[in-house]
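Please examine the sequence and the structure shown below. The questions that follow concern salt bridges and the packing of helices.

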Amino acid sequence: MKSKAGKRPLMPADLLAQLEETARGALQDIEESADSEDLATKRTEVLGRGGVLNQALKHLAELPQPERGDVGRRANEVKATLEKAFAARREALETSLLEMQLRQEALDVTLPGRPPVRGRIHPANQTLRQILRIWAEMGFQVYRSREVETDELNFGLLNMPPYHPARDQWDTFYTTNPQVLLRTHTSPGQIHVMRERAPQPIRVVLPGMCYRYEQVTARSEIQFNQVEGLAVGRRITFADLKGTLTAFARRLFGAQVATRFRAAHFPFTEPSAEMDVECFVCGGVGCPVCKGTGWLEVLGSGMVHPTVLNNGGYDPAQFSGFAFGMGPERLTMLKHRIEDIRYFWSNDLRFLEQF
Ligand code: DAH
């Protein structure tokens, strides 16, 4: 074997020393690695094909047997130890990362939950339901009819032929078809229910949305609810109208409330009357809500006009009836002293949440 000048032959002890040195350094690196990414890089540097461990064993082949075998065995042990150290360190890093995440993203289940936002019934519908409940107790069934009507049902069959001046009282939304409009009141429902039931006796209330082509102001809206009522039978009199509507007013406003009927005019009733209740704000003395009169107008009513009975399929010689119409929004405004009808449809939660 030729030896180069100034260089002694490689001894097994040198290789072993180098091996141990590499192992120590590697173990130190493993201990100091900050995260699993850092650890993975180090692992390649130490155990990879071109890594320091292989570098340290580069000259293994130069050793004579059996020393080569001894050093080789030790090298395998060192390699296994390092593999284990890498694995253990990786697990430790992952565990501490998980623990940190659990700490940081902790969910405190003892905190009170976020209360779900609860909806509620719109104030106009609260009044509407209250009105319908009272009429149901008095034997009046709810009958629903359409919001889009014909000119004939909204006006003609209610005793207002074309060009009748009374039509001017109802500013109307017409559609592009001149025969079709948005109902201006719930009264056309009277014709629907009569034509369906004749000659049976009728006791119904007809709730629903009505539309008017109005300038929107604090006092008038282009849409609002009405509750219509209709009773048809034999020998129904104006006394029945007064008694029934007074009973309704007492149920809605309180057993002690005073009512009065004033003569009025509607084309579909004869005679016609408007019912007032004693002002519940001032008790009848006079205040801004009742404009000093002591009375509040709550509905229109009358005995069904013979022409209307006839149009509904009832012979006015044998049948009679009374009808009425009221506005839940108007009643709600009176009850809560709401001064602007526009609040009802402006979707302002500050308003709606008060009810
Ligand atoms: N339809 C009328 C209106 O909108 C209200 C009304 C008055 C209805 C008298 C009736 C009634 O049934 O008899 O102004």
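Buried means under 20% relative accessible area, exposed means over 50%, and partly exposed lies in between (1.4 Å probe, protein chains only). This is a predicted model, in which local features need pLDDT of at least 70 and side-chain atom pairs count only at pLDDT 80 or more, while totals for chains, interfaces and linings use all residues. Residues are numbered from 1 along each chain as its sequence is written, and side-chain values use heavy atoms, with hydrogens and water left out.

Q: Is Arg-262 buried, partly exposed or exposed?
A: Arg-262 forms a salt bridge with Asp-276 (a side-chain nitrogen of Lys or Arg within 4 Å of a carboxyl oxygen of Asp or Glu). Asp-276 has a relative accessible area of 2% and is therefore buried. For Arg-262 the relative accessibility is 27%, so this residue counts as partly exposed.

Q: How far apart are the closest N and O atoms of Glu-83 and Arg-43?
A: Glu-83 lies in helix 4 and Arg-43 in helix 2, 40 residues apart; helices are DSSP runs (H or I, at least four residues), numbered from the N terminus. The two residues form a salt bridge, and their closest N and O atoms are separated by 2.4 Å.

Q: What is the orientation of helix 1 relative to helix 4?
A: Helix 1 (residues 12-32) and helix 4 (residues 67-104) pack at an angle of about 0 degrees, with their axes 10 Å apart. Axes are lines fitted to C-alpha atoms over the stretch in contact, and angles run from 0 to 180 degrees between N-to-C directions. Angles under 35 degrees count as roughly parallel. Helix 1 is therefore, relative to helix 4, roughly parallel.

Notes:
Helix = DSSP H or I, 4+ residues; strand = E, 2+ residues; numbered from the N terminus. Parallel < 35°, antiparallel > 145°, perpendicular 65-115°, else oblique.
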